[in-house]
Amino acid sequence: MKSLIAAMLASSIALSASAVVDKNFDYHVDRFADIEVLRYEVPEFDRLTPQQRIMIYYLSQAAQAGRDIIWDQNGKYNLQIRKLLENIYTSFSGDKNSKDYKAFEKYIKQVWFGNGIHHHYSTDKFTPEFSEDFFKEQVALIPDASLPLQPGQTREELISIITPVIFDPTVMPKRVFQDGAFDVVVNSASNLYGEGVTQQEVEDYYNNLKDPNDPEPVSYGLNSRIVKENGEIKEQVYHLNGLYGPAIAKIIYWLDMAKSVAENDAQKAYITKLIDYYITGDLKLFDEYSILWTEETDGDVDFVNGFIESYGDPLGMTGSWESYVNFKNQASTKRTETIASNAQWFEDNSPVDSRFKKDKVKGVSAKVINAAMLAGDAFPSTAIGINLPNANWIRAAHGSKSVTLENITEAYDMASHGNGFNEEFVIDAPTSQIMDDYLYITDMLHTDLHECLGHASGQLLPGVDPDALKENGSALEEARADLFALYYLPDNKLIELGILDNPDAYKAEYYKYMLNGLMTQLNRIEPGKDIEEAHMRNRQLIAAWILDNGKKDKVVELVKKNGKTFIKINDYKKMRNLIGQLLAEIQRIKSEGDYDAGVALINKYAVKVDPKLHKEVLERFASLDIPPYRGFINPVMVPVLGEKGEIVDVSLQYGETYPQQMLRLSKDFKTLGY
Ligand code: ZN
């Protein structure tokens, strides 16, 4: 539940250029609705051996083989709808300049991006701007054989089910419904729970399974769908002979190929365990795999492939299928290794009550990686940092792996230059200057500290339920990790360690954090709506709390210039003190499982939006034409064949368009029926 830093809006700020990048690389791929699609470069791919590149190729096949799973998890009609839309898209012979077609094109691009009919971030259903008549006319042109019919289903039945799912705003309006005043299971449109299943039934079911005295509990519900059959609650487990079996069979095949060219025995061992888990669905095996995976740090090549993050489940249990294939970025790994090897110093010196600190911070491994393939829930929208595994007891006993996706961060940065953001939102030239000079490095450092130290720090008091904070658990956990990172950015320790060279560098990140948390992230919220997503709640919580609690000393102010609102930070040192105070309090809440205090903080600071300021931010953004959300297409991996048709090497190509890539994936990695 705690390893995803969403690609934040903050990264749309143009940062200073960083390491060695190809200035001629074209990052921009497509633009529609509130989305920009970029491509990323894979630096250092050439330094790998052919065998490492082949391993990456096989793992990438395994990654893409799971694509249909996330579509189906996100909504039970998504695969049928995708097939219908793609049929229309590829066979359309009418006027491509018509209003209906243009709107249709926008819609299919949104659906591709959301891995279904709901927005990847807000989880609200997309609103089609083409007419129902247009849709029906186009579907009528599709021959029966090409229709995504379920066994026994007629064309008429298909159309009568799908049409309201696409067009009626009251049908399946939200994928992840989080308002705890209502039944979040019944009201969520995702496909993680079957028809008629209630939140109470799910909670009862799992409470029955959970042994509160088990020191090593499996991640209940991580790989299953709960359904009601003849009035009885049943778990449909995702595994080779269970739900999603055909997709899992392909994943297993490619994992097995990857194992045959693995770099070392430890990799082979964890791939074997992962395959065993996929075959059986046994969550104990998943934990065993996770431990082996966490402890393997020698290889260059690494990957995530499975049901991992639970942001898509309103109860935070079931993992959305995702995959990242990556390899070590040698040039930048040194930085995070330095941080990780000093983990105990950071833990000991944090402003947190000593009862909540770890005596021994274990195995915080940290590396910077280059993504080579993003898939499932990590595609097209992706994280910029990952910290896994998620199971608390594994993290406590075996540590975790923490990575920063350098080439993704870099692509965000490079694609942002010259977009006018700083001129519009940053208060003055000196602040702009410090951001130009230091925001890239402090942003990277913030991610490192958040992932390597923040999530790994602190401990629960004995007997405290790790899920005690319930629906606020994710937001408070992200806040804890962010605060830990923010607290240490100004610390002399970073200069001592040779990571920063200017004691004022942190001001770049502090300014950006307040600006983003109080203002610019609102660009992702529709007028009149609350903030819901955990990372966004966390950011507003921190920024609004600092503004409020620093009021009497005027630590941070909102000021007006030419009728526009700006963030003014008057006292950076006091701001750091406030960060330390809030870190101590949120760690206390987590360590004691103080649910009520968590609710109070979230409700007071994290959810509500000032409608006037919101409107202003939207207008100022509109004048810039910066898309609120961005994501990526992948490079195309092309196997180089030897004389006998065997793969001897792999090369990368970058030329695909967004629709070309989506259509190719649908064709090549169709595993679940349509
Ligand atoms: Zn995090």
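Colleague: In which loop is Asn-230 found?

Modeller: Asn-230 is found in the loop between strand 3 (224–229) and strand 4 (232–237). Helices (H or I, at least four residues) and strands (E, at least two) are DSSP runs, numbered from the N terminus. This is a predicted model: local features need pLDDT of at least 70, side-chain atom pairs count only at pLDDT 80 or more, and totals for chains, interfaces and linings use all residues. Residues are numbered from 1 along each chain as its sequence is written, and side-chain values use heavy atoms, with hydrogens and water left out.

Colleague: Why is Asn-230 called exposed?

Modeller: A residue is exposed over 50% relative accessible area, buried under 20% and partly exposed in between (1.4 Å probe, protein chains only). Asn-230 has a relative accessible area of 83%, so it is exposed.

Colleague: What makes an atom a protein donor of the zinc ion, and which residues supply the donors?

Modeller: Donors are N, O and S atoms within 2.8 Å of the metal (3.2 Å for Na, K and Ca); water is not among the atoms, so a site may look incomplete. His-450 (NE2), His-455 (NE2) and Glu-478 (OE) lie 2.1 Å from the zinc ion and are its protein donors. Along the chain, the donors follow the spacing H-x4-H-x22-E. His-455 is in the loop between helix 16 (429–454) and helix 17 (473–488), while Glu-478 is in helix 17, so the pair ties together parts that are 23 residues apart in sequence. Both His-455 and Glu-478 are buried.

Colleague: How do you know that the length of helix 9 is close to what is expected?

Modeller: The expected span of a helix is 1.5 Å times one less than its number of residues. Helix 9 (residues 265–280) has 16 residues, for which 22 Å is expected; from its first C-alpha to its last it reaches 23 Å. Asn-264 caps the N-terminal end of helix 9, with a side-chain oxygen 3.1 Å from the backbone nitrogen of Ala-266. After helix 9 comes Gly-281, with a positive phi near 75°.

Colleague: Why are the buried residues of helix 9 said to line one face?

Modeller: They are Gln-267, Tyr-270, Ile-271, Leu-274, Ile-275, Tyr-277 and Tyr-278. Seen down the axis of helix 9, these residues fall within an arc of 160°, so they line one face of the helix. The arc is that of the directions from the helix axis to the C-beta atoms. An α-helix has 3.6 residues a turn, so residues three or four places apart point the same way. Among the elements that cover the buried residues are helix 1 (50–64), helix 8 (245–260) and helix 10 (283–295).

Colleague: What makes helix 2 largely enclosed?

Modeller: Eight of the eight residues of helix 2 (residues 67–74) are buried, so the rest of the structure largely encloses it. Among them are Arg-67, Asp-68 and Trp-71.

Colleague: Why does Lys-109 count as buried?

Modeller: Its relative accessibility is 11%, so Lys-109 counts as buried. Lys-109 is found in helix 4 (residues 99–114). Contact means heavy atoms within 4.5 Å. Apart from neighbours within four places in sequence, Lys-109 is in contact with Asp-30, Phe-32, Tyr-658 and Pro-659.

Colleague: How confident is the predictor in the protein?

Modeller: The predictor's confidence in each residue is its pLDDT, from 0 to 100. The mean pLDDT of the protein is 93, and 96% of its residues reach 70 or more. Over residues 1–21, however, the pLDDT is below 50; this stretch has 98 contacts in the model beyond near neighbours in sequence.

Technical notes
Polar contact = N/O pair within 3.5 Å; in protein donor to acceptor, adjacent residues only side chain to side chain.
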